[in-house]
Structures are given as structure tokens and as C-alpha cells.
Amino acid sequence: MERTVRDLGFEHGSVQSRVFTTARNQGLELCPLVTGPYLRLAMTEQSNAPDSVLSAGRAPTGAIHVASDPPSQDVEYPKGFYLRVVNGQRWLRGYRCDDKYEWAPEQRLALVLPAS
């Protein structure tokens, strides 16, 4: 399922660890890291991003970050994947951030809604 940081209750954004903890507290689960490549293959109808800027110290516009536990705490090591479409080309890219980086309220996340 997809949620924004705002949907999770952060009107002004928050750091990744707080966003993920809150998602878990709301009954959602993080995705296994391998979800990124599978989602990229499955999501054939994702909308084009409004621009083609890949990095400017913020999450790229139009990106959906796959919420998953970071494979490493090293800030230089990618934390996970995001999906984006630029000029009709579907992208799967890694992202890096530390826990001081504030995720914007409109940042979109892919999460798991557990089966009841």
C-alpha cells in the first residue's frame, strides 16, 4: 500500500526512523528490501515525475520510496530503493540518507498491509 509521510501523521515531515516506527505502530509493516525490484517490474502505470532532477539534497519528485529496514547503518551505504518514472522511463534507484534528514510530508512510501 502507499502512504505519504503526512498520512502517517507528520504534518511537517519527520526523520526516517520516526516515520517507520509510526507506520509499524499503525499496524503496517516495512517491506523486505527485495520488494523494490519486484515493485518496479509490477508497477507499469506509475505516473511520470514532474521533473527529471535526480538529486538535490531532497527526495526526487514523483518518487515512491520502498519502506524497508536499512541494510547498513553506514550513512554512505544505500538505505533502500525508490521507484520513479522520468520521461516515460521506469527507474529503480537506491537512496542514501542519515537519520537527521527530514522526509517531507508529501513523500510517498510503499508499505505492507498485513493480511488479517
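Reply: Helices (H or I, at least four residues) and strands (E, at least two) are DSSP runs, numbered from the N terminus. The model is a predicted one, in which local features need pLDDT of at least 70 and side-chain atom pairs pLDDT 80 or more, while totals for chains, interfaces and linings use all residues. Residues are numbered from 1 along each chain as its sequence is written, and side-chain values use heavy atoms, with hydrogens and water left out.

Me: In which strand does Ser 14 lie, and is Ser 14 buried or exposed?
Reply: Ser 14 belongs to strand 2 (residues 14-15). A residue is buried under 20% relative accessible area, exposed over 50% and partly exposed in between (1.4 Å probe, protein chains only). Because its relative accessibility is 2%, Ser 14 counts as buried.

Me: With which residues is Ser 14 in contact, leaving aside its neighbours within four places in sequence?
Reply: Contact means heavy atoms within 4.5 Å. Leaving aside neighbours within four places in sequence, the residues that Ser 14 contacts are Val 5, Val 19, Tyr 101, Glu 102 and Trp 103.

Me: In what order do the five strands of the open sheet stand?
Reply: Two strands pair if DSSP finds at least two bridges between them. The pairing in this open sheet is mixed, and the order of its five strands is 1-7-3-4-5. Strand 1 (2-4) and strand 5 (89-95) each pair on one side only, and they are therefore the edge strands by the pairing rule.

Me: How many bridges join strand 3 to strand 7?
Reply: Strands of a sheet pair through backbone hydrogen bonds, either parallel or antiparallel. Strand 3 and strand 7 (residues 108-110) run parallel. Val 66 stands opposite Ala 110 in strand 7. The number of bridges joining strand 3 to strand 7 is three.

Me: What angle does the direction of helix 2 make with that of strand 4?
Reply: Axes are lines fitted to C-alpha atoms, for helices over the stretch in contact, and angles run from 0 to 180 degrees between N-to-C directions. Helix 2 packs on the sheet, where it touches strand 3, strand 4 (80-86), strand 5 and strand 7. The angle with strand 4 is about 20 degrees.

Me: Why are the buried residues of helix 2 said to be on the same side?
Reply: The buried residues of helix 2 are Thr 35, Gly 36 and Arg 40. The arc is that of the directions from the helix axis to the C-beta atoms. These residues lie on the same side of helix 2 because they cover an arc of only 135 degrees.

Me: Which backbone oxygens lie 3.3 Å and 3.2 Å from a polar atom of the side chain of Gln 46?
Reply: Gln 46 lies in the loop between helix 2 (35-42) and strand 3 (64-66), and its relative accessible area of 11% makes it buried. The backbone oxygen at 3.3 Å is that of Gly 62, and the one at 3.2 Å is that of Leu 83.

Me: Which residues form the aromatic cluster?
Reply: Rings of Phe, Tyr and Trp (its six-membered ring) pair if their centres lie within 6.5 Å; planes under 30 degrees apart count as stacked, over 60 as edge-to-face and the rest as tilted. Phe 20 and Trp 103 make an edge-to-face pair, 5.9 Å centre to centre with 80 degrees between the planes. Tyr 95 and Trp 103 have ring centres 6.1 Å apart and planes at 80 degrees, so this pair is also edge-to-face. The one cluster consists of Phe 20, Tyr 95 and Trp 103.

Methods: A polar contact is a pair of N or O atoms within 3.5 Å; within protein, one must be able to donate a hydrogen and the other to accept it, and residues adjacent in sequence count only if both atoms are side-chain atoms.
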